[in-house]
Amino acid sequence: MLNIRIEKATTFKEKPDPNQLGFGNIFTDHMFIMDYEEGKGWIDPRIVPYQDVVLAPSAMVFHYGQEMFEGLKAYRTKSNEILLFRPEMNIKRTNTTNQRICIPQVNEADVLQAIKAIVEMDKDWVPSLPGTSLYIRPFIIATDPFLGVRPANRYKLMIILSPVGAYYKEGMNPVKIWVETEYVRAVKGGVGFAKTGANYAASLKAQMKAKEKGYAQVLWLDGVERKYIEEVGTMNVFFKIDGEIITPSLEGSILPGVTRDSVIQLLKDWKMKVSERKISIDDLYLAHDDGRLEEVFGTGTAAVISPVGLLDWDGRQLTVNNGEIGPVARRLYDTITGVQCGAIEDLYNWTVKVNQ
């Protein structure tokens with residue numbers, strides 16, 4: 001168990017209007033920091049006032065991109081409890097990412113303790129309006145002042161918090177998606193399954209292109225054949241075709257999403273046919289032309305469920321479910337968000353109380 005040193009802020013920020021929350025632009029009063037030094041391990045866990053981080057210009061994170069991050073949320077229930085949603089999966093994924101990019105493993109129980117401690121510290125920042133939550137961003141950066149390509153010997157693990165509203169301004173209204181055929185997000189054998197910034201930096205060019213064309217996000221195809229569907233934006237993606245719900249299988253280039261896993265469990269328990277397998281963009285358009293494509297939606301921590309109303313593949317526009325939210329997407333959203341905020345019984349033991 002960590003012995004967390006606490007330094008309380010002496011001045012406090014004004015709380016934002018809960019009706020005006022965006023995503024990721026407001027931060028709470030405190031942050032968690034823990035250092036790693038080779039030979040000593042992870043040391044000096046502490047909660048301090050939210051502040052800038054001072055690093056040498058030669059810090060390795062700036063030059064070789066050795067960093068990782070995670071994202072999860074805390075929710076306030078009607079009875080004023082604060083719940084985390086499946087935090088153990090995010091922490092396990094932290095170590096999966098760490099292993100891939102040569103960052104030292106973390107003690108998973110210690111990280112959960114740290115998350116609970118910082119959320120408890122700033123619990124007054126957890127909003128209570130429907131659709132709102134406290135976004136939790138743990139991340140690790142390499143801090144060695146060294147210009148050489150090797151794993152670092154020193155790191156910082158930090159956790160910051162941000163009260164958030166809906167991820168998309170459209171809310172639960174179906175979004176328009178651009179199918180990207182020029183740029184790729186990741187390839188098998190790379191870091192597509194890891195939560196590291198390189199994946200997201202590589203996605204920006206296509207994302208900006210889609211935005212300029214009036215689309216909310218990008219549907220990514222595989223990096224080899226530019227044929228098989230992988231992710232949508234920063235989310236996993238699902239298709240309901242002829243009663244079967246299909247999501248691309250995890251083969252090394254797709255992030256194993258926590259919401260993705262939750263959706264698959266729910267669909268199976270609802271006795272729906274759900275498959276994890278390859279699906280090509282040609283097959284998707286053929287299913288639409290045959291009248292068999294019923295729903296398309298993305299899943300992720302930020303948006304939870306994001307219905308897709310239109311896909312554009314090289315000018316071939318495909319309208320899904322008349323541009324309306326499908327019943328499966330709606331049921332999944334209502335169920336998962338209901339569990340997250342304590343309004344629906346948690347049959348899976350997915351939620352963890354911050355202060356038990």
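This is a predicted model: local features need pLDDT of at least 70, side-chain atom pairs count only at pLDDT 80 or more; totals for chains, interfaces and linings use all residues.
Q: What about the largest one, how much space lies in it?
A: About 90 Å³.

Q: Which residues line it?
A: Lining residues have an atom within 4 Å of a point. Among them are Tyr75, Phe85, Asn90, Val304 and Gln340.

Q: Which element gives the most to that lining?
A: S5, with three residues. Strand S5 (72-76) and helix H5 (258-269) each supply at least two. These are DSSP runs numbered from the N terminus: helices are H or I with at least four residues, strands E with at least two.

Q: And by class?
A: Five nonpolar, six polar and one charged. Ala, Val, Leu, Ile, Met, Phe, Trp, Tyr, Cys and Pro count as nonpolar, Asp, Glu, Lys and Arg as charged, and the others, Gly among them, as polar.

Q: Switching over, what lines the second largest cavity?
A: Its lining includes Arg185, Tyr200, Gln207 and Trp220. H4 provides the largest share, four residues.

Q: How much space is in there?
A: About 60 Å³.

Q: Which numbering and cut-offs apply?
A: Residues are numbered from 1 along each chain as its sequence is written. Local features need pLDDT of at least 70 and side-chain atom pairs 80 or more, while totals for chains, interfaces and linings use all residues, and side-chain values use heavy atoms, without hydrogens or water.

Definitions and conventions:
On a 1 Å grid over the protein atoms alone, a cavity is a set of points where a 1.4 Å probe fits but cannot get out, and a pocket is an open set with protein on both sides within 12 Å along at least five of seven lines; lining residues have an atom within 4 Å of a point. Grid points are joined across faces, edges and corners, and a volume is the space filled by probe spheres set on the points.
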